[in-house]
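Visitor: Hi, could you walk me through this one? I'd like to ask things as they come to mind.
Guide: Happy to, ask away.

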Amino acid sequence: MKLYEFEGKDVFRRMGIATPDGEPVGDASEIGAAAERIGCPVVIKAQLQRGGRGKSGLVRFAQSIEEAEAIARELLGTKVGEETITTLLVEKKLDIHRELYAGITFDYAANGPALLFSCLGGVDIESSASDPEGALRKLPLDPYHPPEIHQILNLCKQAGLSGPALRPAAETIRKLVSCYFHHDALTAEINPLVIDGNGRVYAADSKMELDDSAAFRRDPSLRAGDEEEKSDPYEADAMSQGLAYVRLGSGNIGVIAGGAGLCMASMDMVAAAGGKPANFLDLGGGVSREKTAAALRMVLKTPGVEGVLMNVFGGINNCEVMANGIADVVHADSPRIPIVVKMRGHSQDEGWEILEKIGIPIVKYGTTEEAVSMLMAAVGRR
Ligand code: GDP
Ligand code: MN
């Protein structure tokens, strides 16, 4: 689950990381009072999951309450990609002296989390990674032995930070490390980590992603995470039914397979045959008739789907059970779009018989490529 900036900053504050005074606002009529409490000038920031707001005019400054109100009226309700701006964060505008970068993320090469630091924070951090002066410095993290303050001080010094801001910056970064482990985060990033005109250090932005595998022990004061996926209602729906489903935007071929590897291989073959996978759906093991039916219905209702490829192997799963699930959907919903099934394994004869009775084309002994070309031909005929 990704936290919005204002949620991440709540977490930061509770861990002792300084953030500018501010509050989230959901209605333009509330922003005047908020700006008055905080005191102008204020910064007004669209709360979106995507980054790069600074470069796309979604971080604004207001000198007066009237200006803040005008900005709020302009931004609230605006669509940005797939998201709509429903919340703004209004904060005291910082007097920025320097922008640093501090972030923790999983380093797959090192098989563990790593702390990254750069003196060139702000909106251009990606390009500064190749700049020798702004080179990101990396410190691998051991969850059982969090770094000592001297290690973080060294990291910051190596990256070129010196002067009175060095120690408070390092102390803030150490709290960020605690925050990362305490909240089972996958990412915890402050960009920019600001040094203001008085040498004080503030987290001016927050990017936090929490590991959903640890949701059961998540701090109950945090958002539960169920509404997060609402940006894609289909994925939210699939999740509530216990289906491993990912939607892929503009595809035309629905894919259901048994096992993530087989599913991805099937998607590749669909793409190679000129189709565009509309989704990923791994049926997994221990599949019931009901779950097969739910999976097929999920894919059939995915927007843009013109044909469905079902590629399953009866290893742990039973082909007869899965075929019954497909038959249930065909009987109840009479789907009009072509479905091709490649099904082999445990109880295959029983499964094939059920599918043959309802007129679903099956690939019995052939390859996935054959199933895909059969499906593409059927889609092309429509
Ligand atoms: P992002 O672009 O989505 O990551 O949004 P940020 O929260 O990082 O803001 C982008 C940029 O806006 C920052 O790098 C700053 O340069 C600027 N900015 C954000 N807050 C303030 C502020 O309080 N005062 C000033 N002067 N600049 C700010
Ligand atoms: Mn940022």
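Visitor: Which residue in β7 does E23 stand opposite?
Guide: E23 stands opposite V90. A quick word on ground rules: this is a predicted model, where local features need pLDDT of at least 70, side-chain atom pairs count only at pLDDT 80 or more, and totals for chains, interfaces and linings use all residues. Residues are numbered from 1 along each chain as its sequence is written, chains are lettered from A and ligands numbered from 1 in the order in which they are written, and side-chain values use heavy atoms, leaving out hydrogens and water.

Visitor: How many bridges hold β2 and β7 in their pairing?
Guide: There are 4, and the pairing is antiparallel. Two strands pair if DSSP finds at least two bridges between them. Strands (E, at least two residues) and helices (H or I, at least four) are DSSP runs, numbered from the N terminus.

Visitor: What's the strand order in that open sheet?
Guide: The order of the 4 strands is β2-β7-β3-β4, with antiparallel pairing. β2 and β4 are at the edges with a single partner strand each, so one side of each has no neighbour in the sheet.

Visitor: Switching topic: which protein donors does the manganese ion have?
Guide: Ligand 2, the manganese ion, has N191 (O) and D205 (OD) as protein donors, 2.2 to 2.3 Å away. Donors are N, O and S atoms within 2.8 Å of the metal (3.2 Å for Na, K and Ca); water is not among the atoms, so sites may look incomplete.

Visitor: Where in the chain do those two sit?
Guide: N191 is in strand β11, while D205 is in the loop between β12 and β13, 14 residues apart.

Visitor: Are N191 and D205 buried or exposed?
Guide: Both are buried, meaning under 20% relative accessible area, with exposed over 50% and partly exposed in between (1.4 Å probe, protein chains only).

Visitor: What about the peptide bond from N191 to P192?
Guide: That bond is cis, with omega near 10°. Another cis peptide bond joins C40 and P41, with omega about 0°.

Visitor: And how far is the side chain of K45 from ligand 1?
Guide: An N or O atom in the K45 side chain is 2.6 Å from an oxygen atom of ligand 1. A polar backbone atom of N191 lies 3.0 Å from a ligand 1 oxygen.

How values were computed:
Polar contact = N/O pair within 3.5 Å; in protein donor to acceptor, adjacent residues only side chain to side chain.
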